[in-house]
Amino acid sequence: FFSQQMLKDMETIFRYSFESSLFPFPRLFWKLMNEKYQLELDAIKGADYFDGQCQNMINYKRDCQLNNPNYAITSMIDSMLTKELQGNDTALTDEEIIANVKTIYFAGSDTTSVVISWITYYFAIFPHFLLQAREEAKLILFKDTFLTRQQCIDEISKPDIVIQLIFCNACVKEIL
């Protein structure tokens, strides 16, 4: 999801939002300025691409839930789709799910930095929790062999590994 193209599109959408708030003239004037008009077109293209990627993810998650009885509900999209698959009247449409994903995706950069700041602060105050989180990570990530830094990063990005980090997940959820 965090490909170079997605990050570039996100930057374009942010820049467009920022510049459109600073340039309060009607959109007609944007068309007279090539740079601003191109920015608007790029932002629309980026938003459409993002919508398409979100829809692909929703379709994939829906297919996983329908075709795999042992599928574990582990993500926000999974939980949103569960209501639909149970026939619940309050189920969200795909457009509503995409809007939620956009909100979290674009706001996520602040959330991530805040969580990292607060968890660092609390680990500094309660070092025994830091040690417990490190021990858990060592047990899960370094089971039999020593991994390089890159291998460790690759391992930690796998959902089945993240689920096993129960104490670390509890720490992050407590901060949130």
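The model is predicted: local features need pLDDT of at least 70, side-chain atom pairs count only at pLDDT 80 or more, and totals for chains, interfaces and linings use all residues. Residues are numbered from 1 along each chain as its sequence is written, and side-chain values use heavy atoms, leaving out hydrogens and water.

**Two helix pairs**

Helices (H or I, at least four residues) are DSSP runs numbered from the N terminus. Axes are lines fitted to C-alpha atoms over the stretch in contact, and angles run from 0 to 180 degrees between N-to-C directions.

| Pair | Axis distance | Angle |
|---|---|---|
| H6 (residues 127–141) and H9 (residues 166–175) | within 8 Å | roughly 135 degrees |
| H3 and H4 | 10 Å | about 60 degrees |

The angle of H6 and H9 makes H6 oblique to H9. Angles under 35 degrees count as roughly parallel, over 145 as roughly antiparallel, 65 to 115 as roughly perpendicular and the rest as oblique. From H6, the contact (heavy atoms within 4.5 Å) uses Phe-129, Gln-132, Ala-133 and Glu-136. H9 brings Ile-166, Phe-167 and Cys-168. By type, these residues are 5 nonpolar, 1 polar and 1 charged. Here Ala, Val, Leu, Ile, Met, Phe, Trp, Tyr, Cys and Pro count as nonpolar, Asp, Glu, Lys and Arg as charged, and the others, Gly among them, as polar.

H3 packs on H4 at about 60 degrees. That makes H3 oblique to H4. The contact takes in Met-57, Ile-58, Lys-61, Arg-62, Gln-65 and Leu-66 of H3. On H4 it includes Ile-77, Asp-78 and Leu-81.

**The core**

A nonpolar core is a set of buried Ala, Val, Leu, Ile, Met, Phe, Trp, Tyr and Cys residues joined through side-chain atoms within 4.5 Å. Buried means under 20% relative accessible area, exposed over 50%, partly exposed in between (1.4 Å probe, protein chains only). The largest core has 18 residues. Among those with the most contacts inside it are Phe-50, Ile-58 and Ile-77. Helices H1 (4–22), H3 (34–67), H4 (76–85) and H5 (94–125) each supply at least two core residues. Not counting residues up to four places away in sequence, Ile-58 touches Ile-77, Leu-81, Asp-94, Ile-97 and Ile-98.

**A loop residue**

Ile-73 sits in the loop between H3 and H4. Its relative accessible area is 44%, so Ile-73 is partly exposed. Leaving aside neighbours within four places in sequence, Ile-73 contacts Gln-65, Asp-78, Ser-79 and Thr-82.
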